[in-house]
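This report describes selected features of helix packing, chain contact and backbone geometry. The sequence and structure are shown first.

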Amino acid sequence: MLDVSDLSVRFGGLTAVSGLSFSVRAGEVFTMMGPNGAGKTTAFNAIGGFVRATAGRVRFDGRDLIGLPPEKIASLGIRRTFQNNGILREMTVLENVLTGLELDTPSTFWGSALGLPASGRAEREAVAKARRMLAEMEIADLEDRSAGDLSFGQQRLVEIARALVAGARLIMLDEPAVGLSPSERAHLATTLRELARTGIAILLVEHVQDLVMAVSDQVLVLNYGKRIAQCVPAELKNNAEVLEAYLGHA
Amino acid sequence: MRELTSSPALPRVARNLAAPSRERALRRTALAATLVVLCVLPFFVNDYVQFVINTMIVYCLVAVGFNVVIGYLGQLAFVSAGFFGVGAYATGLSMAHLGLPFPLAAVIGTLAGGLVGGLVGLPALRVRGHYLAIISLAVGEILRWVYVHAEAVTFGAGGFTLPDVRLGGQLLGDKGKYYVFLAAAVAAIAATSLLLRSRFGRAFVAVRNNEPAAASLGIRVKRVKVIAFAWSGLVIGLAGALYAALNGRVSPDSFGLAQVLLHFAIVMIGGLGSLLGSVLGAVLLTGAPELLRNFPGLEEIVFSLMLIGVLFFMPKGLGGLVARTVPLARERLFRSNGDA
């Protein structure tokens, strides 16, 4: 579904991602790990259209994503969350999730301004959909709270709900478990597994070990912008290079 | 900026118990009562007060339109006087030169405001913050330069007098104008309110809060900005059209920097991102100078003190204050229990 080949991103003299290749299949949870500065988020940003790739290719269902603006990439069925919080602080939780339905709410400009019935109907359907999503994420009770007033962990869940609500086919989550309690993490793991089962591809950047182990089908380990290993989670512990990247030379 | 003042929402339990339909009915009743009062108002006031009230309506529209850009979209663009002037000039000139009747001229003025609004939105795609503020002030001054120097069209620095303002052949006095203004303002403010509670209003605030996040959700940030500017221009252009009819005169000095400051003060005192606040701010800041007419010099002092007071003690302005004390008046982009 997502095919990344020879992706490189350079900022001036710094090579943040270098010759990275991998693919994510439908129904698969694919995790990128690596020490800080390894280039995980940069790779994310290049796929999402927020950073221009210096070289290489990113294809989604055979369509080249390089050079497309983020909103166009979103319209192809890709959603992401942000490492340092992409929440819309001055909106309520429900409004945040509704904003995730921007492309799925067919109300027109004049229809909205004039209060035409069709736009009202579209709006009510969006609200119902957003509420179902909140219920699935077990945060329905936060609906009317201002998103900026929530705890960091709750904001993460809202952002994930917002990414999921539009029925994207590829979800990219940048360190979703940061700030979550163990029980919230366990719930997130179940949610991700269930999503994958419905055929959604999930690309994850994550450090939290128990989540990575619990949900990943494939783990790719990056260091200095390069792939140093790719394997199933269980094999991680036996990989010398991975241990070296994280723990230093033995 | 908001943490301390934002009340931790009415407890959910209380809100759930208060049947939403009851709250909605109350809100509708309050709105209807206000409208009735507004409709009979002219029977109780003299011509002078009527003129002041008409002026208030014009500034309500200016503030609502301006708030869309600086409050909801969060762009520091001081464009209001520019749009105001375009609306007034387009209306007045199409009456004076083309002999069009006022209603048609007002539509032209409104559309001209919207068009200029969209065009002025274009620089906002590239610059923001202080730079946008400077550019937008420059646009206003350039427009004023045009009014002064394009004498063949605009009648130059002295301005011009409008032909009679008629509706259906009937000459409109201040009371007649009042009903026209009221209808136009109610329609424009209602449409703005509906728009802000739709996905378009959410897109405005999403762009204000976090542009990358908005883009990642499929929001076309540039398009959203142009739409917000154009809508702002449309509403303020309508205000300009009414302003031309109100005074029967249009001249360049009505649309200078002093006007920008007044508009900004109205929106700030009313509250950024509050339509109710914009209306209250406009009424207060248009009314107060009239009350202070007899005390020369006091006007500026009261004006400044109000601005300082609001900035220090009510960062969310009058709108925020009212929302805290009267839960019924709370504004949301989206109201979970239906609309008002």
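## Packing of helices 3 and 11 in chain B

In this predicted model, helix 3 of chain B and helix 11 of chain B cross with a left-handed sense. Helix 3 covers residues 47-72 and helix 11 covers residues 221-247; the axes of the two lie 8 Å apart, at an angle of about 165°. Because angles over 145 degrees are classed as roughly antiparallel, helix 3 of chain B is roughly antiparallel to helix 11 of chain B.

On the side of helix 3 of chain B, the residues that meet helix 11 include Asn54(B), Thr55(B), Val58(B), Leu61(B), Val62(B), Phe66(B), Val69(B) and Tyr72(B). Helix 11 of chain B contributes, among them, Ala228(B), Phe229(B), Trp231(B), Ser232(B), Val235(B), Ile236(B), Leu242(B) and Leu246(B). By class, the residues of this contact between helix 3 and helix 11 of chain B comprise 18 nonpolar and 4 polar, with no charged residues.

Of the 17 residues of helix 4 of chain B, 17 are buried, so the helix is largely enclosed by the rest of the structure.

The axis of helix 4 of chain B comes within 7 Å of the axis of helix 11 of chain B, and the two cross at roughly 50°. That angle makes helix 4 of chain B oblique to helix 11 of chain B. The crossing of these two helices of chain B is right-handed.

## Contact between chains A and B

Chain A brings 36 residues to the contact and chain B brings 29 residues. On the side of chain A that touches chain B, at least two residues come from each of helix 2 (70-75), strand 6 (78-80), helix 3 (93-99), helix 4 (109-113) and helix 5 (117-136) of chain A. That side of chain A consists of 12 nonpolar, 12 polar and 12 charged residues.

## Loop residues of chain A

Asp104(A) is located in the loop between helix 3 and helix 4 of chain A. Asp104(A) is partly exposed, having 15 other C-beta atoms within 10 Å. Although Asp104(A) and Ser75(A) are 29 residues apart in sequence, their C-alpha atoms are 9.7 Å apart in space.

Two further loop positions concern backbone torsion. Asn85(A), in the loop between strand 6 and helix 3 of chain A, has a positive phi near 75° and is not a glycine. Asn85(A) counts as partly exposed, with 15 C-beta neighbours inside 10 Å. Tyr224(A), also a residue other than glycine, has a positive phi of about 50°. The loop holding Tyr224(A) lies between strand 9 (218-223) and strand 10 (226-231) of chain A. Tyr224(A) is partly exposed, with 15 other C-beta atoms within 10 Å.

How values were computed:
Residues numbered from 1 in each chain as written. Chains lettered and ligands numbered in written order. Predicted model: local features only at pLDDT ≥ 70, side-chain atom pairs only at ≥ 80, totals over all residues. Axes fitted to C-alpha atoms, helices over the stretch in contact; angles between N-to-C directions. Helix = DSSP H or I, 4+ residues; strand = E, 2+ residues; numbered from the N terminus. Parallel < 35°, antiparallel > 145°, perpendicular 65-115°, else oblique. Left-handed = near helix turned anticlockwise from the far one by under 90°. Contact = placed C-beta atoms within 7 Å. Nonpolar A, V, L, I, M, F, W, Y, C, P; charged D, E, K, R; others polar. Buried ≥ 20, exposed ≤ 12 C-beta atoms within 10 Å, placed from the backbone.
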